[in-house]
Amino acid sequence: EGFSSVKCFLSLYRFQACVYFASVFQAMSCGIHYLASVFMAVTPNFVCEFPGNVSSVLLHNSSASSIEDIWTLWTSTENYIVVQLENGEIWELDQCSRSKREVSLDLAYEYKGNKSVFPCSDGFLYDDTKWKSTVVTQWDLVCDREWLAKLIQPTFMLGVLIGAVIFGDIADRLGRQRVIWFTSTGQFVFGIAVAFTFDYYSFVTVRFLLAMVSSGYLVVAFVYVTEFVGIKARTWASMHVHAFFAMGIMVVALVGFLVRTWWVYQIFLSIATLPFVLCCWMLPETPFWLLSGERYEDAQKVIDTMARWNKVSPPCKVSELCSVQQDDLASGRTGDDDTSSAKKHNILDLFCNWQIARRTITVWLIWFTGSLGYYVFSLSSVSLGGNEYLNLFLIGAVELPCYIIACVAMDKLGRRNTLIPFLILSALICVLIMFIPQDFNILIILANMAGKFSIGVAFGLIYLYTAELYPTIVRSLAVGSGSMMCRVGSVVAPFCVYLRSVWIFMPLLLVGIMALLSGILTIMLPETLGKPLTNTLVEATEMGRSKKGCSEKTPPAHSGAALEKIEMFGQERVSTDK
């Protein structure tokens with residue numbers, strides 16, 4: 001009863017509300033840094049630098065006195081600019097080469113005579129009408145160095161993958177509070193440091209470290225808030241961590257519109273969440289982690305602080321719970337050997353029979369598809385035509401209602417019955433976009449918003465659904481492996497977006513195929529709404545209506561009070577890293 005009263009006490013009161021909103025506020029910085037490269041690494045129009053002083057410039061049939069005046073007429077990368085130097089030489093400037101006309105008579109755009117081709121040894125000229133400076137223009141990441149620019153986002157996502165694994169484990173060992181402090185401070189320090197990097201390689205290295213701490217914060221912040229809020233509010237509270245991430249995307253669009261120099265843009269993005277860095281040291285450690293580490297006095301202090309803030313009496317003394325736990329552990333040791341010597345589980349247990357294996361493959365595919373679709377729609381938004389800043393802002397804003405819809409639908413219709421239609425809907429939207437004429441910019445943007453909305457619902461839902469599909473003994477393993485597939489999708493997504501150069505609809509085609517396949521396979525998954533969590537692989541298999549069992553002994557049932565204590569002291573860590 002004492003443990004039940006503690007959990008009731010941890011319902012979302014004043015103290016928990018302050019902790020929750022302070023923690024998820026910093027989640028905005030994760031959304032900021034994850035999508036910052038969409039404007040920071042823009043490649044503007046460019047041509048080779050000319051070898052001298054220019055007297056006149058020609059593009060098609062339009063002439064100007066300076067090359068800055070000609071950029072408004074640039075329509076295609078196949079264009080080239082003809083310039084006449086003060087010494088009378090006439091040069092044709094392409095994007096990755098320049099040609100000197102052997103016969104310099106009249107300045108004309110078309111020329112049939114002999115030309116000498118030279119490399120761009122003097123650098124490049126960039127169109128700075130939109131962006132005064134980007135990392136591409138800073139370090140000439142074009143032509144034979146273009147691949148370096150395309151590695152900026154994938155290397156960041158690789159840092160996300162590694163950071164989630166490292167800091168998730170550290171948080172379990174050293175506590176959530178310390179990791180919250182370190183990663184939030186790291187986001188600010190590395191975010192500012194990115195703006196002062198001196199070359200491409202230092203830029204990528206610092207961004208990689210920034211990705212690690214950003215990912216680590218998002219993982220640990222999710223665990224942190226779910227351990228403070230009550231069971232009734234846990235679904236909504238955890239789901240809306242994603243909403244603050246989306247608000248970070250909206251901040252990127254706003255700052256990108258206002259600031260057009262990449263290093264100043266990076267500084268403004270990094271100081272957006274400075275208030276949290278200044279006050280994060282006041283956040284307490286979670287009572288759950290303190291109790292699991294047998295730090296009972298510290299846990300009592302946190303509970304007493306919560307009581308004072310919420311103006312209620314503490315539900316019980318932690319010392320009373322200690323004796324209850326020790327008694328249960330002592331009685332557990334008197335049981336048979338099967339109970340006391342728990343089997344260590346590994347990834348192969350997720351494939352112990354056909355029923356569980358099929359479930360695992362489907363769940364992994366949904367995780368991968370959700371992440372792939374999320375970032376393809378987000379990263380592609382700046383290439384849809386119209387105002388790219390407004391496009392990204394709307395792509396972020398559409399997530400806010402989608403998580404509300406997801407929370408309501410998953411409790412009313414069920415997890416599977418919500419997941420299936422939204423996955424199939426996202427596939428249909430991808431197909432629909434291919435048939436919209438490219439001149440209909442507004443319709444294309446609205447369709448992409450609908451696609452982001454539908455994939456966002458599925459992406460937000462899969463976290464909870466995965467935890468409910470697997471038994472206690474492999475639940476953390478199942479969610480962790482699914483989260484790894486999610487990060488693989490985020491690493492692949494930038495390369496998928498680059499396929500627009502092959503065919504403009506290639507990214508949408510790939511997302512549509514994956515979403516349709518995921519939606520069809522989801523039909524075979526069991527519904528978990530209203531069903532108790534399973535404890536063994538045998539029970540999980542039976543939930544899927546399979547007669548096969550896994551080759552393991554089912555541990556004897558515990559009493560209800562014992563299960564409550566296990567749930568209290570064995571809170572499973574679930575990663576929500578995007």
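Modeller: Let me begin with a rule: a disulfide is a pair of cysteine sulfur atoms within 2.5 Å. Please keep in mind that this is a predicted model, where local features need pLDDT of at least 70, side-chain atom pairs count only at pLDDT 80 or more, and totals for chains, interfaces and linings use all residues. Residues are numbered from 1 along each chain as its sequence is written, and side-chain values use heavy atoms, with hydrogens and water left out.

Colleague: What makes C96 and C143 a disulfide?
Modeller: Their sulfur atoms are 1.9 Å apart, and the rule asks for a pair within 2.5 Å, so the two cysteines qualify.

Colleague: Why is the disulfide of C96 and C143 called left-handed?
Modeller: The torsion about its S-S bond is about -95°, so the disulfide is left-handed. C96 sits in the loop between β5 (90–93) and β6 (98–101), and C143 in the loop between α4 (135–138) and α5 (146–150), so the pair ties together parts 47 residues apart in sequence. Helices here are DSSP runs of H or I with at least four residues, strands are runs of E with at least two, and both are numbered from the N terminus.

Colleague: How many disulfides does the rule give?
Modeller: The count comes to two. C48 is also joined to C120, with S to S at 1.5 Å. C48 lies in strand β1 (residues 46–48) and C120 in the loop between β7 (115–118) and β8 (124–126), so this pair ties together parts that are 72 residues apart in sequence.

Colleague: Why is C96 called partly exposed?
Modeller: Buried means under 20% relative accessible area, exposed over 50%, and partly exposed in between (1.4 Å probe, protein chains only). C96 has 44%, so it counts as partly exposed. C18, at 38%, is partly exposed as well. C48 and C120, on the other hand, are both buried.

Colleague: How do you know that C402 is in no disulfide?
Modeller: The nearest cysteine sulfur, that of C407, is 9.3 Å away. C402 is buried, with a relative accessible area of 0%.

Colleague: What makes Q153 buried, and what does Q153 touch?
Modeller: Q153, in helix α6 (residues 152–174), has a relative accessible area of 4%, so it counts as buried. Leaving out residues up to four places away in sequence, Q153 touches Y34, S37, R207, L379 and P494, where contact means heavy atoms within 4.5 Å. The side chain of Q153 also reaches the backbone oxygen of Y34 at 2.9 Å.

Colleague: And R359, buried or exposed?
Modeller: R359 counts as buried, because its relative accessibility is 2%. This residue lies in helix α17 (residues 354–380), and its side chain reaches the backbone oxygen of A540 at 3.1 Å. The C-alpha atoms of R359 and L521 are separated by 8.9 Å, although the two residues are 162 apart along the chain.

Colleague: Why are α18 and α19 called roughly parallel?
Modeller: The axes of α18 (residues 388–397) and α19 (residues 399–412) cross at roughly 15° and come within 5 Å. Angles under 35 degrees count as roughly parallel, over 145 as roughly antiparallel, 65 to 115 as roughly perpendicular and the rest as oblique, so these helices are roughly parallel to each other. In their contact, I395, G396 and A397 of α18 meet E399, L400 and P401 of α19.

Methods
A polar contact is a pair of N or O atoms within 3.5 Å; within protein, one must be able to donate a hydrogen and the other to accept it, and residues adjacent in sequence count only if both atoms are side-chain atoms. Axes are lines fitted to C-alpha atoms, for helices over the stretch in contact, and angles run from 0 to 180 degrees between N-to-C directions.
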